[in-house]
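Welcome! Take a look at it first, and then read on.

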Amino acid sequence: MHGVSLVRFIVGIVGNIVSFGLFLSPVTTIWSIHKNKSIMDFHPYPFLAAFMNCILWIFYGMPFVHPDSTLVVTINSVGLALEIIYLIVFMIYADKKYRKIIPLFILCELVLFAIIIIVSLLVFHTTTDRSMLVGIICDVAGIIMYISPLSTLKHVIETKNAESMQFWLCLSGFLNGGIWFCYAFLKKFDPYIAAGNGIGGLFGAIQLLVYAFYYFKAKNNVANDGKQSDAQRKLSQLV
C-alpha cells in the first residue's frame, strides 16, 4: 500500500470511528424516551434525515457508482442499522400523529431512493457520471442531516439556555465533518465527500460555539447569583 493510500486508509478508519460515535450520540435521547415511555419534546426528523443520508451514501459507495469507497459503505451500513432501531423505538412511544408521519416519510424516502437508483443506472453509464449524480444528491441529504438540529439551536438562542443541546452530538458532528473533509483530499480528490462534510463540519462548529457561549454564560450567572445571595445573607445578619 503506497504512502498516500495508507494515510487515506488510516484517516478513513478514524472517520469510521468518529462517525460511529456520531450515530451513537442519540442513544441517550432514545434511552430517555424508553425510560419515560414518551417522546416528550423530541422530533423524529433528525432520525429520518439520517436514515435517508445513510442509504444514499451506501449506494454512492457501491463499486458501480464510486469505486474504492468501502469505508464509506461500512460506516453508513452501521449507521443505517442504528437509525432503524432509533425509529422503531420512537414509533413505539410516539403519538398517533407521528405514527402516521414516520411510515409515510420513510415510504417517500424509499420511493425517491428507488428513482435515484433507476435513473443513475439506466441513464448514466460511467462511474464518473453516476458519482456526480449520486454525489450531489448525497451532499444535499447530508446537509439536511447536519442542519436538522438547527431547530434546537433556535430554541437555545431564544431561551438563552443550552440544556436542550446535546454536547456530544455537536462535537461528533464537527469532528465527523472535519475528518471526512480531509479524507476527500487524499489520493484522488472527491468533491462530493468534501462538500457535504465541509458544510457539516462548519455547522458543527457553529453549534459548539453557541453551546459554549450559553453554557458558560449560565455558569457565570449561577456564580453571580450565589455571590449576591451570600452578600444578602451577610447583610441580613448584620441588620
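Which residues does Glu 109 touch, not counting residues up to four places away in sequence? They are Leu 48, Ala 49, Phe 51 and Met 52, where contact means heavy atoms within 4.5 Å. This is a predicted model, in which local features need pLDDT of at least 70 and side-chain atom pairs count only at pLDDT 80 or more, while totals for chains, interfaces and linings use all residues. Residues are numbered from 1 along each chain as its sequence is written, and side-chain values use heavy atoms, with hydrogens and water left out.

- Glu 109 lies in helix α5, residues 96-122; helices are DSSP runs (H or I, at least four residues), numbered from the N terminus.
- With 8% relative accessibility, Glu 109 counts as buried (under 20% relative accessible area, with exposed over 50% and partly exposed in between, for a 1.4 Å probe and protein chains only).
- From Glu 109 to Asn 53 the C-alpha to C-alpha distance is 10.0 Å, although the two are 56 residues apart in sequence.
- Thr 29 belongs to helix α2, residues 27-36, and is buried at a relative accessible area of 7%.
- Apart from neighbours within four places in sequence, Thr 29 is in contact with Phe 42 and Gln 166.

**Helices α3 and α4**

- The axes of α3 (residues 45-60) and α4 (residues 70-93) come within 8 Å and cross at roughly 150 degrees; axes are lines fitted to C-alpha atoms, for helices over the stretch in contact, and angles run from 0 to 180 degrees between N-to-C directions.
- That makes α3 roughly antiparallel to α4 (angles over 145 degrees; under 35 is roughly parallel, 65 to 115 roughly perpendicular and the rest oblique).
- The α3 and α4 crossing is left-handed, meaning that the near helix is turned anticlockwise from the far one by less than a right angle, with clockwise being right-handed.
- Where they meet, α3 contributes residues including Phe 47, Phe 51 and Trp 57, and α4 contributes residues including Val 72, Leu 80 and Phe 90.
- By class, this contact of α3 with α4 has 15 nonpolar, four polar and one charged residues (Ala, Val, Leu, Ile, Met, Phe, Trp, Tyr, Cys and Pro count as nonpolar, Asp, Glu, Lys and Arg as charged, and the others, Gly among them, as polar).

**Helices α5 and α6**

- The axes of α5 and α6 (residues 127-147) come within 9 Å and cross at roughly 160 degrees, so these helices are roughly antiparallel to each other.
- The crossing of α5 past α6 is right-handed.

Definitions and conventions
Helix = DSSP H or I, 4+ residues; strand = E, 2+ residues; numbered from the N terminus.
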